[in-house]
Structures are given as structure tokens and as C-alpha cells.
Amino acid sequence: MHLFDILKSKGSAVHTVLPDATLEEATRAMVQRNIGALLVCERDLTEGERVVGIITERDILRFSASGKGPLSEHRVSDIMTTEVVTGAPSDTVEETMGMMTKHRIRHMPVLSEGRLVGLVSIGDLVKNQIEQLAMENHFLKRYIAG
């Protein structure tokens, strides 16, 4: 199975935030949508939307624990991860799980020809693997039962 199949099943909606948004605004957006990450994108009238980073609940938690000040006084660009690990729709679930494990990330934007087409989480991939195993289990039991 490929990331294309995951996105086809779960949808391709991606929640984004601007780099100059406050950490408080980003936190509210994540809580309201019950999500763990926002892609940080710049918007340009000629080039469209361009991914410049990612901010996660873990980033905000670490910032809060640092005591550097209130969330309302700091920008997403202050703490976002700028070296974003991305995948392609043709990447397999297994390859993607390996990349996410190697880089210790839980969210991966999916780009096609440089354009954002979706976002997958480790939860999406694990859910897919469980569904695949359940299907294989079902067919093996039917085969054995004859």
C-alpha cells in the first residue's frame, strides 16, 4: 500500500498556520481541531502555498516548559522545525514508517511535484497496518477452514 491510498481513504485536508502567527493561535487551532501538528506555510499570489516548516504539540510543550514567556508573545517561526521530512504519494507505508522512525517524527507532509497533497501521521499508518493484518487474518482463517 502507498501513501496515495492512505490519503484517498482519510482525505487530503491539511491544516496550516502562517509563520507569523502566535504560539497561542497555533495552540488554539490544534486544540479546536484535535490535531497534533500544523504545517507552517507561506502564501504567495504567484507561487501559491509553500511549506516552510511544521509545528507540533511537542514543540509548544517544550517551549512552555522553557519559561521563555507567554505563548501570545512568540511566533510560530520562533520554534517551528524548518527541515521538514516529506513523503511522496508513491511511497509505501513500510518505507514511510521507516523514515518516521528514523527521524523520530509523528507527522509527514506528502508532496507531489513540490505541491502539498496531504499529511499522514504515524496513527494513520498504524491504523492501515492493523486493517491489512485483520484482512489477511480473515482470509487465512477462511482458507484453513476450507
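This is a short chat about a predicted model.

Student: What should I know before I start?
Tutor: The model is predicted: local features need pLDDT of at least 70, side-chain atom pairs count only at pLDDT 80 or more, and totals for chains, interfaces and linings use all residues. Residues are numbered from 1 along each chain as its sequence is written, and side-chain values use heavy atoms, with hydrogens and water left out.

Student: Which residues of helix H5 are buried?
Tutor: Val93, Thr96 and Met100, in a helix that spans residues 93-103. Buried means under 20% relative accessible area, exposed over 50%, and partly exposed in between (1.4 Å probe, protein chains only). Helices are DSSP runs (H or I, at least four residues), as are strands (E, at least two), numbered from the N terminus.

Student: Why do they line one face of the helix?
Tutor: Seen down the axis of H5, the buried residues fall within an arc of 65°, so they line one face. The arc is that of the directions from the helix axis to the C-beta atoms. An α-helix has 3.6 residues a turn, so residues three or four places apart point the same way.

Student: And what is on the other side of H5?
Tutor: Thr101 and Lys102, both exposed.

Student: New topic. How many residues does the largest nonpolar core have?
Tutor: It has 15, and Val17, Leu38, Val40, Ile55 and Val76 have the most contacts inside it. Such a core is a set of buried Ala, Val, Leu, Ile, Met, Phe, Trp, Tyr and Cys residues joined through side-chain atoms within 4.5 Å. Helix H2 gives the largest share, four residues.

Student: What about the sheet? What order are the strands in?
Tutor: Three strands form an open sheet, S1-S2-S3, with mixed pairing. Two strands pair if DSSP finds at least two bridges between them. S2 and S3 run antiparallel, joined by eight bridges. Valine 40 has glycine 53 in S3 as its bridge partner.

Student: Last one: aspartate 124. Buried or exposed?
Tutor: Aspartate 124 is buried, with a relative accessible area of 19%. It is found in helix H6.

Student: What does its side chain make a polar contact with?
Tutor: The side chain of lysine 10, at 2.8 Å. The aspartate 124 side chain also reaches the backbone nitrogen of serine 121 at 2.9 Å. A polar contact is a pair of N or O atoms within 3.5 Å; within protein, one must be able to donate a hydrogen and the other to accept it, and residues adjacent in sequence count only if both atoms are side-chain atoms.
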